[in-house]
Amino acid sequence: MAYTAEISRSNPSCFIFLLDQSASMLDEITEGELVRCKADVVADALNRLLRELAIKCAKEGGVRDYFHVAVIGYGVRVGSLFEGELSGRDLVPLSQVAKYPARVEERMKKVPDGAGGLVEQPTKFPVWVEPVGNHGTPMVEALRQATILANTFLATNENCFPPVVLNLTDGQSTDGDPRPAAEALRELASTDGNVLLFNLHVSSEGGKPTIFPGASAELNDEYARTLFSMSSPLPPHMRAYAAQQGIAVDDTSRGFVYNADMITIVQFLDIGTRATDLR
Amino acid sequence: MRAFISTFAVPKAGSTDQEYEDASEVRPAADDDAEVTGPWLAAAVADGASEAMLAGHWARHLTTTFTAAPAGQDLAATIVAAAAGWDAVEAEYRHARDEAGEPIAWYEEDGLRRGAYATLVGVHLLDGATDHQGPLLASALGDACLFQVRDDELITAFPIDNPDEFDTRPGLAPSRPLDPAKIGEHVVALATEWRQGDQLLLASDALAQWFLAQTRAGGTPWRTLSDLGTDAEIGGFAALVDGCRANGSLKNDDTTLLRIDL
């Protein structure tokens, strides 16, 4: 059965993040009462995804290398966004990613107070990528680079849980139709299944936030429809986890979200017994 | 009662012995393969959740607390009592890290704040009218299991008797319970009887699932586990585990067996 491979240090998987840094990402979107530019939204989403991934794989003594991670930006150029110690590197073991963020901020976070309420506590929040927006949107080239990286990883990890590629974008590719490049990427496979391409779409068009829509979803935005068509179907176990979290999914649901959070995909990955509270 | 205790433990393939996060405990304390005699016996196996921080510490803390608790005490109360001591365990760990010049990193803080999680199965055996049989009180939270074998037959599989019921989301005892009342809704208890000659097997989930699958297929896995020997042949258990992992019948996980031969 596909997408059941063990994820471990001896059989790691990989995450390739693609971050749109084009000029259109400076456009503003409204989230409730909050107005932010799209570049802020995707940079924040990516930093939170990396943080969640590191925390999920953290044990006493360090973060375990269950994943290798690449963060590729596309705008003025297409290339790794890692800075400092990791500058210029593409696929990096997760422990190194956790060890070398560009900087660490302190933010207030609401946590359970043990008595049924919430209390604000200072929390360290690492930052790997900053909001950037200029130049065009070479999404096709970004997908090609992801294909090269996934292929390289698969060459030495043929039995891995398939690489997950997560593209964070407003969808306005300027170097051609991204669908063929996406298809070529999704055709790569380990013995456990094809590469998973997920898309997180931020849009100024408004409309209802949508998470893992299926074939019947009404996507008014042309770019949303393109990104939806590029996205991999959600594997059955991911659909099951999504359903448990109250997300409406069916067997046509794809790894696509529109103006919404995708932090859940970190929770979809099985690295062992989940640390969950009794319900 | 008289009992021979044997414990077997193999870490997940790819992990070191120091990264093993199951735990087992027997009281009265006895060396491995030693005979224990007395009017009562307490034993437990716990399995720390892989996604949690300090899961092995919590598994050990739980088995220690369980075997020191009065027989028949509600398992939920035992877990709450163990959780009450968790701050001290965490403080000791933080102190040790500071002393070693390796303070807690940002990615560890969330996990420490949430606390650790583990499954647990435990038994108390008490003398009855004779020292050849008596009450057996078992309780569990999650998918660590007790198997009772009598006259070469499996007569008890607790709390799970179906190999299809294992997944990565078992009920877990929390070291920082958000709602202690919930624990009581998930613990299960069994009151039955032990007899001299019985074999009790306490197993963490991977071995328990293998055991039930073998049984369902018409096998007698208790004989296999008996043949591991009574002289600390941990290598024998490791070979069995390696072979079963290789043929796909045993999930790659920390694997623990506590065997009580009465």
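What percentage of the contacts in chain A with a separation of 6 or more is accounted for by residues 24 or more positions apart? In this predicted model, such pairs make up 73% of those contacts in chain A. The corresponding figure for chain B is 74%, again among contacts between residues at least 6 apart in sequence.

We can begin with chain A as a whole. Its secondary structure consists of seven helices and 16 strands. The radius of gyration of chain A is 18 Å, close to the 19 Å that the globule rule gives for 279 residues, so chain A is as compact as a globular protein of that length. Taken along the principal axes, the C-alpha atoms of chain A fill a box of roughly 50 × 45 × 40 Å. Of the 279 residues in this chain, 47% are buried.

The C-alpha trace of chain B spans about 55 × 45 × 35 Å along its principal axes, and 46% of the 262 residues of the chain count as buried.

β1(B) pairs in the antiparallel sense with strand β3 (residues 35–37) of chain B, over three bridges. An antiparallel pairing also joins β1(B) to strand β12 (residues 255–261) of chain B, in this case over seven bridges. F4(B) takes part in both pictures: F4(B) stands opposite E35(B) in β3(B), and F4(B) stands opposite D261(B) in β12(B).

Finally, we turn to the meeting of the two chains. Here 28 residues of chain B are in contact with 27 residues of chain A. On the side of chain B that touches chain A, α4 (106–114) and α5 (180–186) of chain B each supply at least two residues. The most is given by α4(B), which contributes eight residues to that side. Sorted by class, the side of chain B that touches chain A holds 13 nonpolar, seven polar and eight charged residues.

Conventions
Residues numbered from 1 in each chain as written. Chains lettered and ligands numbered in written order. Predicted model: local features only at pLDDT ≥ 70, side-chain atom pairs only at ≥ 80, totals over all residues. Contact = placed C-beta atoms within 7 Å. Helix = DSSP H or I, 4+ residues; strand = E, 2+ residues; numbered from the N terminus. Nonpolar A, V, L, I, M, F, W, Y, C, P; charged D, E, K, R; others polar. Buried ≥ 20, exposed ≤ 12 C-beta atoms within 10 Å, placed from the backbone. Rg over C-alpha atoms; globule rule 2.2 N^0.38 Å. Pairing = 2+ DSSP bridges.
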